[in-house]
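Look at the structure first, then read on.

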Amino acid sequence: MADRLAEDGWRELGYEYINIDDCWSAKQRDVAGRLVPDPERFPRGIKALADYVHARGLKLGIYGDLGTLTCGGYPGTTLDRVEQDAQTFAEWGVDMLKLDGCYSSGEEQAQGYPEMARALNATGRPIVYSCSWPAYQGGLPPKVNYTILAKVCNLWRNYDDIQDSWDSVLSILDWFSANQDVLQPAAGPGHWNDPDMLIIGNFGLSYEQSRSQMALWTVMAAPLLMSTDLRTISPSAKEILQNRLMIQINQDPLGIQGRRIVKEKSHIEVFLRPLSQAASALVFFSRRTDTPFLYTTSLAKLHFPQDAVYEVQDVYSGKIMSGLKTGDNFSVVINPSGVVMWYLHPTALPAQPWHGVGQQAPGEGFRPVLL
């Protein structure tokens, strides 16, 4: 996979992390209590693998679990092992840690997740920190404090694991949309909600559904973590995942998470993400399963500023429409379980500045993580 990322155009687009998930380690720690990789799966060890990955201009991620065991039954990181494991990962040259939460209590998680953040920082090595903490606490206040979470973790899993199915994608989208008032303000540069992996290129999604997941995850400012075999990926899945404008929108420096702003009786939904330089991304999404749907609206109905004029680029087709005024009606044809995604850039703005939905000042920090 590292070779494919380096040689097939992924790295240049920002897909720079290659992440190992659960089951990489031996079933026992060594005599000094250190984690050791499975000798058959990783005969040269993780350090050699990290060196290989780094030599190709990429970064290596690894998996741990704050508990007695990982979810797959391998040695976990109990509270007394946090510093030791952080040091081990740093010595190996790891660039990202996903810390799961199987086989631990809420109290242990409340203590252990911040402790691992401190331990990773103490190594002196920059390591992106992905937490599963809120997913184990139901993902919502009062059990989850997003102010604290944003100070502890760079990204976090809020909700259930994604499965390779459209139903799973929709269930995640529904939960994030239903709770967007809580979740949307928590995201920003250096601290992101993670709705879980992209399943584009696997087996469960149609072409239209694949385009929809990419657009919806982008508008949610989600980390883009692929889960497919890059040796055998189809040209159509590769084209979706390598869409340059899509990735530019996903990586927008303001880091504002988008919101669902319209839910129609016709089963059409509209999502808006404010972007830097007064630009915006709009996603028109159809939950219909019958036929393509002609949806008519205007930017005024979507609460864009009066008297503005926009240049619009269709993110998938690349077609450009100039001179769209806020008051102009327009129509888009949306395929069943598909999307139309627009990138809008103002060519003329009204006298009053528009701050958009949940607008905030540019922040410093990590970019959204791309695998």
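Over residues 255-338 the chain is 0% helix and 51% strand, with the end C-alpha atoms 25 Å apart; helices (H or I, at least four residues) and strands (E, at least two) are DSSP runs, numbered from the N terminus. This is a predicted model, in which local features need pLDDT of at least 70, side-chain atom pairs count only at pLDDT 80 or more, and totals for chains, interfaces and linings use all residues. Residues are numbered from 1 along each chain as its sequence is written, and side-chain values use heavy atoms, leaving out hydrogens and water.

Q: Which domain does UniProt list for residues 255-338?
A: The entry is unreviewed. UniProt positions are given in the numbering used here, feature names are shortened, and annotations may be inferred rather than shown by experiment.

Q: Which residues of helix α4 are buried?
A: Buried means under 20% relative accessible area, exposed over 50%, and partly exposed in between (1.4 Å probe, protein chains only). Helix α4 spans residues 82-92. Its buried residues are Val82, Asp85, Ala86, Thr88, Phe89, Ala90 and Trp92.

Q: Which residue just after α4 takes a positive phi?
A: The phi angle there is about 90°. The residue is Gly93.

Q: How do the residues of the lining of the second largest pocket divide?
A: Ala, Val, Leu, Ile, Met, Phe, Trp, Tyr, Cys and Pro count as nonpolar, Asp, Glu, Lys and Arg as charged, and the others, Gly among them, as polar. By that rule the lining holds nine nonpolar, three polar and two charged residues.
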